[in-house]
Amino acid sequence: MPALFLLLGVPVLATWDNAQQRLVTNMATEGHDVTLVYNHMPKTGGSTIKMMLAKVVRNFRKRNENYQFEEEDFAPNTFRVTSIRSPCQYYRSLWTFGSRGGGSFHKQMVHRGYEEYYGSKAPYDSARDLAKFEKWLQVVGSVYQDRLQRKLLNKALGNQTIASSSARNIDCWVRTENMREDLQTCLKMFESRGGLVDWEAFEIYKDAHKNPSDHAKCHLYFNKARKNLVEEFNKEIFENFQFDDCCSGAGMKGNTVVRQRKH
C-alpha cells in the first residue's frame with residue numbers, strides 16, 4: 001500500500017504512481033542520467049526533504065543521518081544537496097526532541113548520565129527547564145558544527161574545514177527556515193545540469209506535512225548567556241553562513257543558497 005502523506009490536510013495516495021510513470025517515460029526518451037544526492041543533516045527538516053525529492057527526482061540517492069558521502073557521490077554526473085538550520089534553532093530542536101525521549105543523540109546523552117539535563121514538560125520553556133537547557137548546552141558544546149563538518153567531508157581529500165568542504169562538495173543548500181523556496185532553487189539548478197524534475201509532482205508535494213514539534217518560538221529559549229554559548233561553540237558556522245542572528249533563518253551570504261562547485 002502506498003504511503004499516505006497529508007497535504008494541507010488532504011490525503012494523497014495515487015499521485016505518486018502517475019508521477020513515477022512520467023519520470024520513467026521521460027528518462028527513456030531524453031536520456032537523463034544525472035543523480036541528485038541528498039545528505040541528511042539531522043534536525044534540519046531532512047525527513048520532509050527526502051520525501052519530496054523521492055517524489056520529484058527519478059535519479060535520487062540519499063545519505064541518511066549517520067552516514068557521510070561515499071566515493072560514488074563525487075562522480076561527475078552527481079549533484080549534491082544538503083540542508084542547514086540556524087544554530088539556535090538547531091539546538092532548540094535537538095534538545096526539545098530529546099526532552100520527549102526522541103533520537104539517538106538523546107540515548108547517547110542518557111547513557112553518559114545526562115538525562116537530568118532534559119526538559120520535563122512541553123514546550124519545555126519554564127524557568128526550571130531552561131536552566132536544564134543551559135547546562136545541556138554547556139555539555140554538548142559544538143555538536144552541531146562537528147556533525148556538519150563530518151557530513152560534508154569528501155574522505156578522499158583528507159582534512160577539510162567547513163568552508164573548504166562546503167565550497168568543494170556541495171552544489172546547493174536548503175535552509176530549513178526557507179525550505180520550499182530553497183529546494184525549488186536547487187531543483188532548477190539540478191535540472192540545468194541535466195537532471196530530470198517532475199514539476200507537477202513538486203507542486204503537489206511542496207506543502208507536505210512536516211514532522212510535528214512541541215516547542216515554543218526559538219527566542220524564548222535563548223537569553224544572552226545561552227546565545228553566547230551557541231555562538232562560541234559554532235564559530236565556523238556563523239562565519240561561513242553569515243547568520244545574522246542565532247535564531248534567524250537568514251544568512252547564506254545574502255540568502256544565496258547555491259554554491260558553485262569548484263573544480
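# A guided tour of the predicted model

Start by selecting Glu-203 and Lys-206, whose side chains meet in a salt bridge with N and O 2.7 Å apart (a side-chain nitrogen of Lys or Arg within 4 Å of a carboxyl oxygen of Asp or Glu). Glu-203 is partly exposed, with a relative accessible area of 43%, and Lys-206 is partly exposed too, at 24%. The terms here are buried for under 20% relative accessible area, exposed for over 50%, and partly exposed in between, using a 1.4 Å probe and protein chains only.

A word on what you are looking at: this is a predicted model, in which local features need pLDDT of at least 70 and side-chain atom pairs count only at pLDDT 80 or more, while totals for chains, interfaces and linings use all residues. Residues are numbered from 1 along each chain as its sequence is written, and side-chain values use heavy atoms, with hydrogens and water left out.

**Stop 1**

Now select Arg-61, Arg-63, Glu-72 and Asp-73, which salt bridges with shared partners join into one network. Zoom in on Asp-73: its side chain meets that of Arg-61 in a salt bridge of 2.9 Å, N to O. Asp-73 lies in the loop between strand 4 and strand 5 and Arg-61 in strand 4, so this pair ties together parts that are 12 residues apart in sequence. Helices (H or I, at least four residues) and strands (E, at least two) are DSSP runs, numbered from the N terminus.

Arg-63 also forms a salt bridge with Asp-73, the closest N and O atoms being 2.8 Å apart. Arg-63 is in strand 4 as well, so here the parts tied together are 10 residues apart in sequence.

**Stop 2**

In what order do the 4 strands of the open sheet run? The order is 4-3-5-6, and the pairing is parallel (two strands pair if DSSP finds at least two bridges between them). Strand 4 (60-63) and strand 6 (172-175) are the edge strands, each pairing on one side only. From one strand to the next, the twist averages 25°.

Next, pick out strand 3 (residues 35-39), which is joined to strand 4 by 4 bridges. Tyr-38 stands opposite Lys-62 in strand 4. Then show helix 8 (residues 179-192), which lies across strand 3, strand 5 (78-84) and strand 6, and runs at about 165° to strand 6. For such angles, axes are lines fitted to C-alpha atoms, for helices over the stretch in contact, and the angles run from 0 to 180 degrees between N-to-C directions.

**Stop 3: Asn-39**

Stay with strand 3 and select Asn-39, which is found there. At 0% relative accessibility, Asn-39 counts as buried. Which side chain makes a polar contact of 2.5 Å with that of Asn-39? The partner is Lys-151. A polar contact is a pair of N or O atoms within 3.5 Å; within protein, one must be able to donate a hydrogen and the other to accept it, and residues adjacent in sequence count only if both atoms are side-chain atoms. Leaving aside neighbours within four places in sequence, Asn-39 is in contact (heavy atoms within 4.5 Å) with residues including Arg-63, Tyr-67, Phe-69 and Thr-82.

**Stop 4: helix 4**

Move to helix 4 (residues 104-111) and show its buried residues, Phe-105, His-106 and Met-109. Seen down the helix axis, these fall within an arc of 100°, so they line one face of helix 4 (the arc is that of the directions from the helix axis to the C-beta atoms). They pack against helix 3, helix 5 and helix 6 (143-152). Helix 4 is followed by Gly-113, which has a positive phi, near 95°.

**Stop 5: helix 10**

In helix 10 (residues 224-233), select the buried residues Arg-226, Leu-229 and Val-230. Their arc is within 90° seen down the axis, so they line one face of helix 10. What covers them includes helix 3 (87-99), helix 5 (127-140) and helix 11 (235-241). At the start of helix 10, a side-chain oxygen of Asn-223 reaches to within 3.2 Å of the backbone nitrogen of Ala-225.

**Last stop: Val-56**

Finish at Val-56 in helix 2 (residues 46-56), which counts as buried at 1% relative accessibility. Draw a C-alpha to C-alpha distance from Val-56 to Ala-201: they are 5.7 Å apart in space and 145 residues apart in sequence.
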